[in-house]
Amino acid sequence: PRQKDRPVAALEAKEGQSRDCWSVAFGNSYNVEERVVAAGYDNGDIKLYDLRTNMIRWETNIRNGVCGLQFDRKDIEMNKLVATTLESQFTVFDMRTYHPKEGYTGQTHKGHQSTVWLARHLPQNRDVWVTGGGNGTVSMWKYKYPVQRSVKDNDGHMKGVAGEVEELQTKNFSTQPIASFDWSADKQGLCVMGAYDQQVRVCIVTKLNSL
């Protein structure tokens with residue numbers, strides 16, 4: 001049972017092996033029991049913690065510090081996970097098919113020509129999301145699923161197949177990094193963002209129904 005002032009779970013590294021955790025995200029919350037937390041670290045590690053079993057479910061390394069993480073939906077079975085990093089990169093993982101040796105399939109893409117600080121999925125369409133860049137730009141992307149989301153390897157194990165990512169639009173809003181972004185769940189296209197220029201911007205994105 002939960003106790004006052006006590007954490008529900010404590011996810012700690014072994015002594016002497018700790019790294020700075022830069023980003024976290026809830027996911028896989030499709031019933032009252034299942035919960036995972038994805039955590040991104042300064043050395044490029046991504047760890048998926050299963051809160052039900054209190055174990056690491058999966059881990060990988062994408063070489064650059066992980067600035068942002070987000071599942072396309074946190075209240076469904078895991079579908080996609082976007083990880084944004086230093087060195088102008090973000091990686092999209094297909095989280096539906098787990099391979100016992102290679103884990104989840106991911107594909108890395110370039111964007112912003114600077115650090116990619118965050119990713120935020122459109123509430124009304126989980127296959128569309130924006131990323132915020134260190135150069136003050138916001139880019140919109142769309143995920144296209146492959147014909148087959150999984151294939152069987154030579155050992156008989158199912159392996160995920162990464163889809164394609166299309167850049168829909170990029171717009172510059174500031175000379176400083178876009179540090180935060182959120183969509184309205186009620187009004188499609190309505191969004192708010194914060195940047196290191198001490199300004200908050202409220203914007204509207206149109207024609208999203210045509211995507």
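**Salt bridges and strand pairing**

At 46% relative accessibility, E59 counts as partly exposed, where buried denotes a relative accessible area under 20%, exposed one over 50%, and partly exposed the range in between, as computed with a 1.4 Å probe on protein chains only. The structure is a predicted model, in which local features need a pLDDT of at least 70 and side-chain atom pairs count only at pLDDT 80 or more, while totals for chains, interfaces and linings use all residues. Residues are numbered from 1 along each chain as its sequence is written, and side-chain values use heavy atoms, with hydrogens and water left out.

In total, 10 salt bridges are present in the structure, a salt bridge being a side-chain nitrogen of Lys or Arg within 4 Å of a carboxyl oxygen of Asp or Glu. One of them joins K47 to E59, with 2.6 Å between the closest N and O atoms. Because K47 belongs to strand β3 (residues 45-50) and E59 to strand β4 (residues 55-61), this pair ties together parts that are 12 residues apart in sequence; helices (H or I, at least four residues) and strands (E, at least two) are DSSP runs, numbered from the N terminus. K47 is buried, at a relative accessible area of 16%.

A further salt bridge connects R149 with D94, the closest N and O atoms lying 3.0 Å apart. Since R149 lies in the loop between β11 (137-144) and β12 (150-152), and D94 in strand β7 (residues 89-99), the pair ties together parts that are 55 residues apart in sequence. Within this pair, R149 is partly exposed at 24% relative accessible area, whereas D94, at 1%, is buried.

E102 and K159 likewise form a salt bridge, with the closest N and O atoms 3.1 Å apart. Distant parts of the chain are linked by this pair, as E102 sits in the loop between β7 and β8 (103-110) and K159 in strand β13 (residues 158-160), 57 residues apart.

I178 has A195 in β16 as its bridge partner. Six residues separate the two strands of this hairpin, and G189 in the turn has a positive phi of about 95°. Strand β16 is also joined by five bridges to β17 (residues 200-204), again in the antiparallel sense, with V192 opposite V202 in β17. Four residues lie between the strands of the β16 and β17 hairpin, in which Q198 takes a positive phi near 65°.

Conventions
Pairing = 2+ DSSP bridges.
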